[in-house]
Amino acid sequence: MRLAIIVNPELPIGLLANTTSAVGIGLAAKFSLLAGTTLCDAQGRTIDVSSKLPVPILQANALQMQEIMLKALGAAGERAIVPFPAFARSMHSFLDYENTFPQRDLVDETLDGLGLAGPEKWVRSLTGALKLLR
């Protein structure tokens, strides 16, 4: 399994952080094997593991993310596709987002971020040309 989170590098730092964290939570919710483990140190202090796999943060503009998302949605099999449409920022609760989403067409929406998790070959085929966010 491989992960990738893609964000628009032109977003302000706070929105980059918010987008990345929200997408990461969506990926982990789909595949609990990505985290969900606890570890104990030598003194018996227990912590929750952040991620069992590397999480590259890649950069792409909204159009590139749109193209990747549409290709990804055409794939079958066990995978996670977590888009973060820009309109979501105007929602004040998940219920608002949940009620609004079915009235939207993702093809017409600007994406601020996109998360992918699935077979390594599939994720690489979609993201291999993208640069790391720096």
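Reader: Before we start, when do two strands count as paired?
Author: Two strands pair if DSSP finds at least two bridges between them. In this predicted model, Ile5 has Ile57 in E4 as its bridge partner.

Reader: In which sense do E1 and E4 pair, parallel or antiparallel?
Author: E1 and E4 pair in the parallel sense, over three bridges.

Reader: And what about E1 and E6, parallel or antiparallel?
Author: Strand E1, residues 2-7, pairs with E6 in the antiparallel sense, and six bridges connect them.

Reader: How many residues of E1 are buried?
Author: Five of the six residues of E1 are buried, and the strand is mostly covered.

Reader: How many are buried in E6?
Author: Eight of the eight residues of E6 are buried; this strand spans residues 111-118.

Reader: Which residues does E5 cover, and how does it pair with E6?
Author: Strand E5 covers residues 80-85 and pairs with E6 in the antiparallel sense over six bridges. Within that pairing, Ala80 has Ala117 in E6 as its bridge partner.

Reader: What is the strand order in the sheet?
Author: The order is E5-E6-E1-E4-E7, which makes an open sheet of five strands with mixed pairing. Its edge strands are E5 and E7, the latter at 131-132, and each of them pairs on one side only.

Reader: What joins E7 to E4?
Author: Two bridges join E7 to strand E4, residues 57-59, and the two strands run antiparallel. Across this pairing, Gln59 stands opposite Lys131 in E7.

Reader: Changing topic to Phe84: where is it placed?
Author: Phe84 is placed in strand E5.

Reader: Is Phe84 buried or exposed, and why?
Author: Phe84 counts as buried because its relative accessibility is 12%, and buried means under 20%.

Reader: Which residues does Phe84 touch, leaving out those up to four places away in sequence?
Author: On that basis, Phe84 touches Asn18, Thr19, Ala22, Val23, Arg89, Thr110, Leu111, Asp112 and Gly113. As for Leu111, its C-alpha atom is separated from that of Phe84 by 5.7 Å, while the two residues are 27 apart along the chain.

Reader: What about contacts in the protein as a whole: what share joins residues at least 24 apart?
Author: That share is 73%, counted among contacts between residues at least 6 apart in sequence.

Reader: Now the overall fold. How many helices and strands are there, and what is their order?
Author: The protein has four helices and seven strands. Starting at the N terminus, the elements follow the order β-α-β-β-β-α-β-α-β-α-β.

Reader: Why is it called as compact as a globular protein of that length?
Author: The radius of gyration is 16 Å, close to the 14 Å that the globule rule gives for 134 residues, so the protein is as compact as a globular protein of that length. Along the principal axes, the C-alpha atoms fill a box of roughly 55 × 35 × 30 Å.

Reader: What percentage of the residues is buried, and what is the accessible surface?
Author: Buried residues account for 38% of the 134 residues. The accessible surface comes to about 8100 Å², and 56% of this belongs to carbon and sulfur atoms.

Reader: Lastly, how many positive and negative side chains are there?
Author: There are 12 positive and 12 negative side chains, with the centres of the two sets 10 Å apart.

Note on methods: Residues are numbered from 1 along each chain as its sequence is written. This is a predicted model: local features need pLDDT of at least 70, side-chain atom pairs count only at pLDDT 80 or more; totals for chains, interfaces and linings use all residues. Side-chain values use heavy atoms; hydrogens and water are left out. The radius of gyration is taken over C-alpha atoms; the globule rule is 2.2 Å times the number of residues to the power 0.38. Buried means under 20% relative accessible area, exposed over 50%, partly exposed in between (1.4 Å probe, protein chains only). Contact means heavy atoms within 4.5 Å. Accessible areas come from the Shrake-Rupley method with a 1.4 Å probe; for residues, only the protein chains shown count as cover. Lys and Arg count as positive and Asp and Glu as negative; His and the chain ends are not counted. The place of a charge is taken as NZ of Lys, CZ of Arg, CG of Asp or CD of Glu.
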